[in-house]
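Visitor: I would like a close look at a single part of this protein, and then at its surroundings.

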Amino acid sequence: MKKLIQILAIISVLVLSACAPKESADPKPVLKVGMDLRYPPFETVDGNGVPAGISVDIAKELGAYLGREVEIKDISFGNLITELNLGEIDVIIASMTINDARKEIIDFSNPYVFFPQVALVNKAFLQANNYTTLRQVLDHDQVVFAGQKGTIFLSLPTSLAKNPGPVIETDNVGLAMTEVSTGAAQATVLSLLAAATNAKAFPDTITLLNEPLSINNIGMGVRKGEEDFLAELNAFIAQMETGGVNDRLRDKYNPTIISEYGLSEGIDALLSND
């Protein structure tokens with residue numbers, strides 16, 4: 001009788017074990033997101049050194065959408081594609097412009113934000129010529145642009161100018177701004193947020209013209225051949241507006257973008273390419 005009771009007890013344990021809920025044997029892996037945390041307000045760190053910014057919040061929203069924890073990996077911008085293809089990260093969310101050269105090495109999602117390229121123009125030059133539009137600046141004979149050498153901020157405006165003069169190549173943005181401020185150059189070009197920041201530093205000598213020369217489409221980068229993952233990214237991007245992601249970004253960042261950058265549209269200036 002004692003043995004029968006023992007057998008029944010064992011059977012009961014086995015039955016209960018079979019019926020008990022089981023933890024997933026295959027939990028979703030951590031989503032490793034690469035970005036360069038030196039470019040506020042998109043990629044930066046807070047006062048405690050914790051990743052922060054618009055791109056960080058978008059990465060966290062993506063993780064919630066996919067049901068995956070997110071790990072932000074701080075990688076210099078020039079090494080992001082290499083680290084992605086080595087498998088050190090799963091996706092690049094780093095204000096990276098979609099272009100043909102990069103598309104030969106990695107795949108891109110659909111754009112999720114858009115960076116207008118705008119002109120900063122010497123104020124005295126505008127007043128002397130009675131110019132008020134970007135087209136007038138570009139049509140000015142022998143207009144001189146300053147810009148950081150080797151960047152689109154120098155090649156873009158000269159390619160659009162009607163008859164550009166000699167360019168002034170500088171080692172950094174600050175030096176290009178100085179060239180425009182002193183009148184050695186008539187204009188320079190930067191992305192909208194950077195342009196707004198720099199314009200505030202030269203209120204008496206430089207005017208920001210908001211009309212974009214072009215708009216850079218910013219996408220998420222993934223390794224070649226990861227079509228299923230790419231489809232998930234595009235599905236997330238497609239619902240950023242309807243799913244409330246963009247509203248949460250507006251609520252959090254509009255006060256900063258309006259006050260610190262002087263952009264009355266707030267983050268909406270970057271959420272649409274219209």
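Visitor: Where is Ser-109 placed?

Guide: Ser-109 sits in the loop between strand S6 (107-108) and strand S7. Strands (E, at least two residues) and helices (H or I, at least four) are DSSP runs, numbered from the N terminus. The model is a predicted one, in which local features need pLDDT of at least 70 and side-chain atom pairs count only at pLDDT 80 or more, while totals for chains, interfaces and linings use all residues. Residues are numbered from 1 along each chain as its sequence is written, and side-chain values use heavy atoms, with hydrogens and water left out.

Ser-109 has a relative accessibility of 3% and therefore counts as buried. The classes are buried under 20% relative accessible area, exposed over 50% and partly exposed in between, computed with a 1.4 Å probe and protein chains only. A polar atom of the Ser-109 side chain lies 2.9 Å from the backbone nitrogen of Met-220. With neighbours within four places in sequence set aside, the contacts of Ser-109 (heavy atoms within 4.5 Å) are Ile-98, Gly-219, Met-220, Leu-230, Leu-233, Asn-234 and Ile-237.

Ser-181 is buried because its relative accessibility is 18%. Its side chain makes a polar contact of 2.8 Å with the side chain of Thr-205. A polar contact is a pair of N or O atoms within 3.5 Å; within protein, one must be able to donate a hydrogen and the other to accept it, and residues adjacent in sequence count only if both atoms are side-chain atoms. Beyond four places in sequence, Ser-181 touches Asn-122, Phe-202, Thr-205 and Ile-206.

On a 1 Å grid over the protein atoms alone, a pocket is an open set of points with protein on both sides within 12 Å along at least five of seven lines, whereas a cavity is a set where a 1.4 Å probe fits but cannot get out; lining residues have an atom within 4 Å of a point. Grid points are joined across faces, edges and corners, and a volume is the space filled by probe spheres set on the points. The largest pocket has a volume of about 930 Å³. It is lined by 32 residues, of which Tyr-39, Ser-95, Phe-115, Phe-153 and Ser-191 are the closest to its centre. At least two lining residues come from each of S7 (113-122), helix H7 (152-160), strand S10 (187-191) and helix H9 (192-201). H9 contributes the most, with 5 residues. The lining divides into 18 nonpolar, 11 polar and 3 charged residues; Ala, Val, Leu, Ile, Met, Phe, Trp, Tyr, Cys and Pro count as nonpolar, Asp, Glu, Lys and Arg as charged, and the others, Gly among them, as polar.

The second largest pocket has a volume of about 300 Å³. Of its 15 lining residues, Pro-116, Leu-192, Asn-210, Glu-265 and Ala-269 are the closest to the centre. S7, strand S11 (206-218) and helix H12 (268-271) give two or more residues each to this lining. S11 has the largest share, 3 residues. By class, the lining has 7 nonpolar, 5 polar and 3 charged residues.

Ser-95 lies in the loop between strand S5 (91-92) and helix H4 (100-103), and its relative accessible area of 15% is why it counts as buried. Asn-130, in the loop between helix H5 (123-129) and helix H6 (134-139), likewise has a positive phi near 55°. Asn-130 is exposed because its relative accessible area is 64%. Elsewhere, Pro-40 and Pro-41 are joined by a cis peptide bond, with omega about 5°; Pro-41 is in the loop between strand S1 (31-35) and strand S2 (44-45). Most residues other than glycine have a negative phi, and most peptide bonds are trans.

Last comes confidence. Mean pLDDT (the predictor's confidence in each residue, from 0 to 100) is 91, and 91% of the residues score at least 70. Over residues 1-24, pLDDT stays under 50, and the model has 0 contacts beyond four places in sequence for them. Where pLDDT is low, the predicted coordinates should not be read in detail.
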